[in-house]
Amino acid sequence: MPHLAAPAAFVSLALAPLVVGLAGCPTAVAQTVTVDKEAVASAVSDQLAKQVGSRPDSVTCPADLEGVVGTELQCELVAGTDTYGVTVTVTSVKGTNVNFHIAVYDQPKQPP
């Protein structure tokens, strides 16, 4: 698998919106949009591939991302033998479009 060549080069990236389908019956109460954790991880990987020219080995997120401005989700990115923290932050929500920003830590996590 290709490895990310310069971890410091991808500290902060903006992502295109993800469109999320809402299931269920329409109600008078507004529903909060959520983005599946696998879709978030895939979007992070796709954006990094565009930004630095190669994909990380893996990106994992522990939970779905709630489509509320300011919500943060802490994910992990593996590139070679290094694991980096990734913060995903919702920047805007319009209907079922959830826009978010990702910030990859510039230093790998230390092994336990």
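**Exercise 1. Classify Lys109 as buried, partly exposed or exposed, then find its salt-bridge partner.**

Step 1. Lys109 has a relative accessibility of 40%. Buried means under 20% relative accessible area, exposed over 50%, and partly exposed in between, with a 1.4 Å probe and protein chains only. Lys109 therefore counts as partly exposed.

Step 2. Before going on, note that this is a predicted model, in which local features need pLDDT of at least 70 and side-chain atom pairs count only at pLDDT 80 or more, while totals for chains, interfaces and linings use all residues. Residues are numbered from 1 along each chain as its sequence is written, and side-chain values use heavy atoms, with hydrogens and water left out.

Step 3. A salt bridge is a side-chain nitrogen of Lys or Arg within 4 Å of a carboxyl oxygen of Asp or Glu. The partner of Lys109 is Glu76, at 2.5 Å from N to O. Lys109 lies in the segment after β8 (97–104) and Glu76 in strand β6 (residues 72–79), so the pair links distant parts of the chain, 33 residues apart. Strands (E, at least two residues) are DSSP runs, numbered from the N terminus.

Step 4. Glu76 is also partly exposed, its relative accessible area being 32%.

**Exercise 2. State how many salt bridges a search of the whole structure finds, and describe the one formed by Arg55.**

Step 1. The search gives 2 salt bridges.

Step 2. Arg55 pairs with Asp46, and their closest N and O atoms are 2.8 Å apart.

Step 3. Arg55 has a relative accessible area of 38% and is partly exposed. Asp46, at 32% relative accessibility, is partly exposed.

**Exercise 3. Trace the strand pairing from β6 through β7 to β8.**

Step 1. Two strands pair if DSSP finds at least two bridges between them. β6 and strand β7 (residues 82–94) run antiparallel and are joined by 8 bridges. Glu76 has Gly85 as its bridge partner in β7.

Step 2. The hairpin of β6 and β7 has 2 residues between the strands, and Gly80 takes a positive phi near 65° there.

Step 3. β7 and β8 are likewise antiparallel, with 8 bridges between them. Thr89 stands opposite His101 in β8. In this hairpin, with 2 residues between the strands, Gly95 has a positive phi near 65°.

**Exercise 4. Locate the disulfide and give its handedness.**

Step 1. A disulfide is a pair of cysteine sulfur atoms within 2.5 Å. The count is 1. Cys61 and Cys75 form this disulfide, with sulfur atoms 2.1 Å apart.

Step 2. Cys61 sits in the loop between β4 and β5 (65–66) and Cys75 in strand β6, 14 residues apart, a link between distant parts of the chain.

Step 3. The S-S torsion of Cys61 and Cys75 is about 105°, so the disulfide is right-handed.

Step 4. Cys61 is buried at 9% relative accessibility, and Cys75 is buried at 3%.

**Exercise 5. Decide where the coordinates call for caution.**

Step 1. pLDDT is the predictor's confidence in each residue, from 0 to 100. The protein chain averages 77, and 73% of the residues score at least 70.

Step 2. pLDDT stays under 50 over residues 1–17, for which the model has 46 contacts (heavy atoms within 4.5 Å) beyond four places in sequence. Over residues 19–29 pLDDT also stays under 50, with 12 contacts beyond four places in sequence.

Step 3. Where pLDDT is low, predicted coordinates should not be read in detail.

Methods: Helix = DSSP H or I, 4+ residues; strand = E, 2+ residues; numbered from the N terminus.
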